[in-house]
Amino acid sequence: MSLSDKKVWQYLDHISKPQKKLGGNAICPYITQYKDRIMVIHSTTPQQVVENFSHFKDIFHLEAVVVYGFNLTYDKQYEQIERWNKRYKKKDVFVLGMRPDSEEPPLPLNYNFTKPLIIIQKLSTLQKARHNLAKNTDYYTYQKK
C-alpha cells in the first residue's frame, strides 16, 4: 500500500469516529461497518473507475471505491459527478465528491481531505443508511442549512 493510500485510509478512519460536535455521531457512520468492502484507488481516470465499479461491485461485493490522484478543477469535478449520477443511477451507483477547496461543509466540522476525492458507492446502501440515520438518530439535526 502506498503512502498516499495510507493517508486516504487514515482519513476514512478519522471520519468514521464519533464527534462531539455531532452529538457523538461520526461524519460517515457506516464506514466501519463496510470497511472490508471499500477500496482506495489512485487514478488519473476516475471515469474508468466509475464504469468498472458499475460492472464489478456485485461480483467483488464492493460497497464503495474512493478515488484520488485525478486532475479536475472544482467545477469540472462536480459537473462530471452530476453526469455520472444521472448515467449510473439505474446501475445502483452514486458518486460523491470532496475537495479541500470546497465551500462550507454540510456539517459543523472542517473535515475536507487534503486532496480531491471521488467516492463511488452503491446507491441502495446509501439510501438505506440515510433512511436509518434519519429514523434512528439525530444525525441530520447537525446539518447546516
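## Basis of the description

A residue is called buried here when its relative accessible area is under 20%, exposed when over 50%, and partly exposed in between, with a 1.4 Å probe and protein chains only. Helices (H or I, at least four residues) and strands (E, at least two) are DSSP runs, numbered from the N terminus.

This is a predicted model, in which local features need pLDDT of at least 70 and side-chain atom pairs count only at pLDDT 80 or more, while totals for chains, interfaces and linings use all residues. Residues are numbered from 1 along each chain as its sequence is written, and side-chain values use heavy atoms, with hydrogens and water left out.

## Overall fold

Five helices and four strands make up the protein's secondary structure. Their order along the sequence is α-α-β-α-β-α-β-β-α. The radius of gyration, taken over C-alpha atoms, is 15 Å, close to the 15 Å that the globule rule gives for 145 residues, so the protein is as compact as a globular protein of that length; the rule is 2.2 Å times the number of residues to the power 0.38. The C-alpha trace spans about 40 × 30 × 30 Å along its principal axes.

Of the 145 residues, 41% count as buried. Among contacts (heavy atoms within 4.5 Å) between residues at least 6 apart in sequence, 70% join residues at least 24 apart.

Strand 4 covers residues 117-122; six of its six residues are buried, so the strand is largely enclosed by the rest of the structure. Two strands are taken to pair if DSSP finds at least two bridges between them.

Strand 2 (residues 64-68) runs antiparallel to strand 4, joined to it by four bridges. In this pairing V65 is opposite I120. Strand 3 (residues 93-98) is also antiparallel to strand 4, with six bridges between the two. Here V93 has K122 of strand 4 as its bridge partner.

## Two loop residues with positive phi

H61 lies in the loop between helix 3 (46-56) and strand 2. Its phi is near 55 degrees, a positive value in a residue other than glycine. H61 is exposed, at a relative accessible area of 57%.

D92 is located in the loop between helix 4 (74-88) and strand 3. This residue is not a glycine either, and its phi is positive at about 65 degrees.

## Surface and charge

The accessible surface comes to about 8,900 Å², and 53% of it belongs to carbon and sulfur atoms. Areas come from the Shrake-Rupley method with a 1.4 Å probe; for residues, only the protein chains shown count as cover.

There are 23 positive and 14 negative side chains, and the centres of the two sets lie 3 Å apart. Lys and Arg count as positive and Asp and Glu as negative, with His and the chain ends not counted. Each charge is placed at NZ of Lys, CZ of Arg, CG of Asp or CD of Glu.
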